[in-house]
Amino acid sequence: MGVSTSSPEKGIASVSVSFPPVNALPVAGWFALADAVRAAGRDPRTRCVVLSAEGRGFNAGVDIKELRAGGPGALVGVNRGCSEAFAAVHECEVPVVAAVHGFCLGGGVGLVGNADAIVASEDATFGLPELDRGALGAATHLARLVPGHLMRALYYTSRTVTAAELHAHGSVWRVVPSAELRSAALELAREIAAKDGELLRLAKAAINGIDPVDVRRSYRFEQGFTFEASALGVADRVRNTFGQDTSGRDTSGRDTSGRDTSGRDASGEEGGADG
């Protein structure tokens, strides 16, 4: 359990996350992920980083149980940890390819929204159920995956989108069967890593420099409203209704179309999802 780094091929570093049962990361996990991605990018032998996860899904956001138990200090830790992990992906000195399977919720969207490329399995779904969890955040990163008006609708409804839908918008590079996800991510990473390493680092810095939105500052701005919701008691009020029918969806977390919009995995266990 935790964050591990390996080198499956020359020039490629693989950073893998495993926090059973649903990869809802504790505060320490977000900081560990940030450290691992930054270290991989600093290694002069690395030309591309592949970010993946073990288990049922790519990422279910933060560990809500830890957040509930820790009070205001836990929220500060979550805010800082998520901010560092998302920034580490964006600021990694070399390109980052995210290999996504299963659910990618809340903080998971923060990670992949800052990646340079996304390869996803056919079962991958992406969403921000933040409003159902009494939080705000990661709209900055969802806006990098879908057009603006769709981002707003997804954010306000807490609905999810499939990997195929994101592929249609051009934000997912490839959608493949689950069994082929690792090989497809490595195939793209291998093509990137074949370029000159020094030039790749210059290219990453140049592309980051022309980003229209400062993602670190934009996300930290969002987090201020998450903290405000907590201070006002809104966050606890909403979290206490989790699983109840308060918005036209049944308690399974599905909207009227039958699409799963919850932060639970396939077994019905509660995940995290606050970003």
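This is a predicted model: local features need pLDDT of at least 70, side-chain atom pairs count only at pLDDT 80 or more; totals for chains, interfaces and linings use all residues.
1. Two strands are said to pair here if DSSP finds at least two bridges between them.

2. Strand β1 (residues 2–9) runs antiparallel to β2, and six bridges join the two. Within this pair, Gly-2 stands opposite Ser-18 of β2. The two strands form a hairpin with two residues between them. Gly-11, in the turn, has a positive phi of about 85 degrees.

3. On the pairing with strand β3 (residues 48–53), β2 is parallel to its partner, and the pair is held over six bridges. Ser-16 stands opposite Ser-52 in β3.

4. Is strand β2 (residues 12–18) largely enclosed or largely open, judged by its buried residues? Six of its seven residues are buried, so the strand is largely enclosed by the rest of the structure. The cut-off for buried is under 20% relative accessible area.

5. Further along the sheet, strand β4 (residues 96–100) and strand β6 (residues 117–121) pair in the parallel sense over four bridges. Val-100 has Ala-120 of β6 as its bridge partner.

6. The axes of α1 and helix α2 (residues 64–91) come within 7 Å and cross at roughly 15 degrees. Angles under 35 degrees count as roughly parallel, and α1 is therefore roughly parallel to α2. The crossing of these two helices is left-handed. By class, the contact of α1 with α2 has 14 nonpolar, two polar and five charged residues.

7. Helix α6 (residues 163–169) contains Ala-168. Is Ala-168 buried or exposed? Its relative accessibility is 67%, so Ala-168 counts as exposed; the cut-off for exposed is over 50%. Ala-168 and Val-146 are 22 residues apart in sequence, and their C-alpha atoms are 9.8 Å apart in space.

Conventions: Residues are numbered from 1 along each chain as its sequence is written. Side-chain values use heavy atoms; hydrogens and water are left out. Buried means under 20% relative accessible area, exposed over 50%, partly exposed in between (1.4 Å probe, protein chains only). Axes are lines fitted to C-alpha atoms, for helices over the stretch in contact, and angles run from 0 to 180 degrees between N-to-C directions. Angles under 35 degrees count as roughly parallel, over 145 as roughly antiparallel, 65 to 115 as roughly perpendicular and the rest as oblique. A crossing is left-handed if the near helix is turned anticlockwise from the far one by less than a right angle, and right-handed if clockwise. Ala, Val, Leu, Ile, Met, Phe, Trp, Tyr, Cys and Pro count as nonpolar, Asp, Glu, Lys and Arg as charged, and the others, Gly among them, as polar.
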